[in-house]
Amino acid sequence: MAYDNGNIFAKILSGEIPCDIVAENEHALAFRDINPQAPVHVLVIPKGKYESATDFGAEATETEQAALCRLISHVAEVTDIHKDGYRLIANTNRNGHQEVPHYHVHILGGGDLGRILP
Ligand code: AMP
């Protein structure tokens with residue numbers, strides 16, 4: 001399926017829609033989720049046009065992949081959740097309930113998150 005240039009994260013990347021930026025590097029952007037599910041809830045997205053975790057893993061360059069990984073670690077440190085712990089989630093496609101068709105990793109922390117699934 002072709003990447004949807006009108007998705008909300010594409011609009012955030014183009015500056016059309018504002019966001020609460022936590023950090024960024026050349027290839028990835030981190031901003032606060034508009035509907036937080038934990039005391040700390042940050043989304044990390046690649047700046048390139050990748051629809052899902054599958055696409056990002058298969059098609060992104062190693063430089064882009066490394067930049068996203070490094071930004072996740074950086075966000076965990078600057079939000080001070082790295083010591084007590086946190087959870088990464090990448091909802092993917094229909095069964096994963098992915099709502100926004102631009103790859104994103106949720107970083108959730110700031111308290112006990114319970115087991116991985118209810
Ligand atoms: P997912 O189900 O993994 O696709 O989750 C998409 C996430 O994007 C949800 O947690 C939404 O709250 C979040 N979201 C949607 N629009 C915005 C926005 N404009 N700024 C920040 N987060 C957003």
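Which side chain of opposite charge is nearest to Asp-33, and how far away is it? In this predicted model, the nearest such side chain is that of Arg-32, at a distance of 11 Å. Asp-33 is buried and yet has no salt bridge; a salt bridge would require a side-chain nitrogen of Lys or Arg within 4 Å of a carboxyl oxygen.

Asp-33 is located in the loop that connects strand S2 (28-32) with strand S3 (40-46). Its side chain reaches the backbone nitrogen of Asn-35 at 2.8 Å. When residues up to four places away in sequence are not counted, Asp-33 touches His-41, Val-42, Leu-43 and His-106.

An N or O atom in the side chain of Asp-33 is 2.5 Å from an oxygen atom of the ligand. Polar backbone atoms are involved as well: one of Ile-34 is 3.1 Å from a nitrogen atom of the ligand, and one of Val-100 is 3.0 Å from an oxygen atom of the ligand. On its own, the ligand has 510 Å² of accessible area, of which the protein covers 86%.

A second residue, Ala-23, is found in strand S1 (residues 21-24). Ala-23 is classed as buried because its relative accessible area is 9%, the cut-off being under 20%. With residues up to four places away in sequence not counted, Ala-23 touches Leu-29, Ala-30, Leu-71, His-74 and Val-75. Ala-23 and Val-78 are 55 residues apart along the chain, and their C-alpha atoms are separated by 8.7 Å.

Key:
Residues numbered from 1 in each chain as written. Predicted model: local features only at pLDDT ≥ 70, side-chain atom pairs only at ≥ 80, totals over all residues. Heavy atoms only, no water. Helix = DSSP H or I, 4+ residues; strand = E, 2+ residues; numbered from the N terminus. Buried < 20%, exposed > 50% of the residue type's maximum accessible area, 1.4 Å probe, protein only. Lys, Arg positive; Asp, Glu negative; His and termini not counted. Polar contact = N/O pair within 3.5 Å; in protein donor to acceptor, adjacent residues only side chain to side chain. Contact = heavy atoms within 4.5 Å. Areas by Shrake-Rupley, 256 points an atom, 1.4 Å probe, with all protein chains shown as cover.
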